[in-house]
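Dear colleague,

Please find below the structure that I am handing over to you. My findings follow directly after it.

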Protein chains: 2
Amino acid sequence: MVTIRDVAKKSGVSVATVSRVLNANGYVHEDTRKKVMAAVAELKYSPNEVARSLYKKKSKLVGLLLPDITNPFFPQLARGVEDEMQKGGYRILFGNSDENAEKELDYLNTFIQNNVVGIISATNNKAKNNYKNLSIPVVFLDRTSSDYPSVYADGKEGGRIAAQEIVERGSKRITILKGPAHIQPAQDRFQGALEVLSQSNIDFHVMSTTSFAFEDAEKWAKELFATYPDTDGVLASNDIVATAVLHEALRLGKSIPKELQIIGFDDVPQSSLLFPSLSTIRQPAYEMGKEAAQLLVKIINQEKIQQQQVQLPVTFIDRNTTRKVDTNG
Amino acid sequence: MVTIRDVAKKSGVSVATVSRVLNANGYVHEDTRKKVMAAVAELKYSPNEVARSLYKKKSKLVGLLLPDITNPFFPQLARGVEDEMQKGGYRILFGNSDENAEKELDYLNTFIQNNVVGIISATNNKAKNNYKNLSIPVVFLDRTSSDYPSVYADGKEGGRIAAQEIVERGSKRITILKGPAHIQPAQDRFQGALEVLSQSNIDFHVMSTTSFAFEDAEKWAKELFATYPDTDGVLASNDIVATAVLHEALRLGKSIPKELQIIGFDDVPQSSLLFPSLSTIRQPAYEMGKEAAQLLVKIINQEKIQQQQVQLPVTFIDRNTTRKVDTNG
């Protein structure tokens, strides 16, 4: 049985230093840390974290619940959370809820049973009761909440900006693709766009879509042009749907952005690789993940929190599915 | 303190049935399971899985190590693993290695310290020694290994098929974009393509690229056309790079697929949404994840394994960046 003393002896440092390295707790010089980790590896020392978590009544695991990692917005969030948590020595217990309340509850139970010290949740389950009974801190991510600490982008403002930009660039018959009704951020961006268009003199249609899935996006795009063949501006519910609309418009021989302008939402990495590249509203997904992780760690450490609700700004990314603003009026 | 007996009483079933539900172990009727879970929720019963894992020396956690979840190939793998593990009541402890050996070792230590019952790893670290000392089962995913159980697609055959298809469709000056040297599947597909082109009468170039990252893909695409402006067929190292090549070719005014054919690799979901939609070699990512999970669960349960190495087939997806085969010869 290899002990912490063996590791200390092998690496030529004190037991306290080895402990600091293993617990990622307090300052240790990088060279020292490498020496200790080398000794740990060589001696195959493995402190039993489970035994320790029972003793300390505290582990270094954090639960992360996302709707669906195959939607390309969420890997960015997840990396932000993980990279920040990694720094503090926390590790991620992970699950996709598929916006299914039973699956969500099941994962929350798993998290608790494995003694996570906190949870970051990006789900839309209205039954927030699931969270009310938890005795550990929860931070909502990509979701607004007045009851819980939360980190989100300003979706309503994003919707407003998208509508203003497409109007300013001359679209006259705009279609808003309204995202799924049960997904709050989709509704926020829709409400923002609606607010601006309602107050304008521009004709517009609203078309409801019920998912953000790749396999459905093509269907919405076909339906859009079948129903509103003369639309000359589309505010899409996210970049996946915008990509499908762009594809379908090109297939129909429409000239982009001359005859039709398109603005997406999210700015997922692939949007800049399209041709024409997609104009969109950028949500800072990676930064949102990092902010949520920082906020949760502060709460876990009982540090003073300045703000329970952290709203990050959105920005218009002016690429090639929108026309340039006519500065001559 | 709520006990398992309270849950049994509340839901009107035996303690053994409650135990079967909570351990996802043995047959329980769906209605019974729902009744038990409702009682668990109402009574806020939470068996301490950590205490139990110490007692049983066995938890229901599985470690999943991926290179980088923001590469859109990997979320598909991860969902396959998770969905299959979910069925058996296993949960995922998750990390991205960024192909960094130290980070990989760090995550492996975390997995062990949290008493995972098995590990699925999709990393390229040559120092397989990290895995040799583990006393729990490991399945390599998206990686070939003769020493360990592994699940992978036939990358070499994929490279061969891509080369055959582009030659058959008339490209005469082909460029192979060779992916990162340290990523084995990238080398496999390159070797397959090389084998076919070497034996043909076709001129071809090989251009090395050192990453699969979105932020680099555009750079390779520009370099490609700057170096080989008259190339009329590109075998890309993956779909991200293929997307960047397609975008750059359209920007340069090339007619696709008339003047230039492009074949990607992976078939990530966004590839079918491009315009023209991307012809590519499909790896069955979701199925690979499921297969790896099934294999690991069998090994954990000490069931008899038919095959340690599971190779899944790849297929050519004939979309619109390749010409139709001239059947008149």
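In this predicted model, 26 residue pairs are in polar contact across the interface of chain A and chain B, both residues being at pLDDT 80 or more. The side of chain A that touches chain B draws two or more residues from each of α3 (30-43), α4 (49-56), α5 (73-87), β2 (91-96), α6 (101-113), α10 (214-227) and α11 (239-251) of chain A. Of these, α6(A) gives the largest share, with nine residues. By class, this side of chain A comprises 25 nonpolar, 19 polar and 16 charged residues.

The interface of chain A and chain B also holds eight salt bridges. One of them joins D98(A) to R79(B), with 2.7 Å between the closest N and O atoms.

As to overall extent, 60 residues of chain A are in contact with 61 residues of chain B. About 5,200 Å² is buried between the two chains, and carbon and sulfur atoms give 57% of that area.

Within chain A, the domain assignment gives domain 1 (4-47), domain 2 (56-153 + 285-313) and domain 3 (155-283). The centres of domain 1 and domain 3 of chain A, taken over C-alpha atoms, are 54 Å apart.

With kind regards

Conventions
Residues numbered from 1 in each chain as written. Chains lettered and ligands numbered in written order. Predicted model: local features only at pLDDT ≥ 70, side-chain atom pairs only at ≥ 80, totals over all residues. Heavy atoms only, no water. Domains from an automatic or database assignment. Contact = heavy atoms within 4.5 Å. Buried area = accessible area lost by both parts, 1.4 Å probe. Salt bridge = Lys/Arg side-chain N within 4 Å of Asp/Glu carboxyl O. Polar contact = N/O pair within 3.5 Å; in protein donor to acceptor, adjacent residues only side chain to side chain. Helix = DSSP H or I, 4+ residues; strand = E, 2+ residues; numbered from the N terminus. Nonpolar A, V, L, I, M, F, W, Y, C, P; charged D, E, K, R; others polar.
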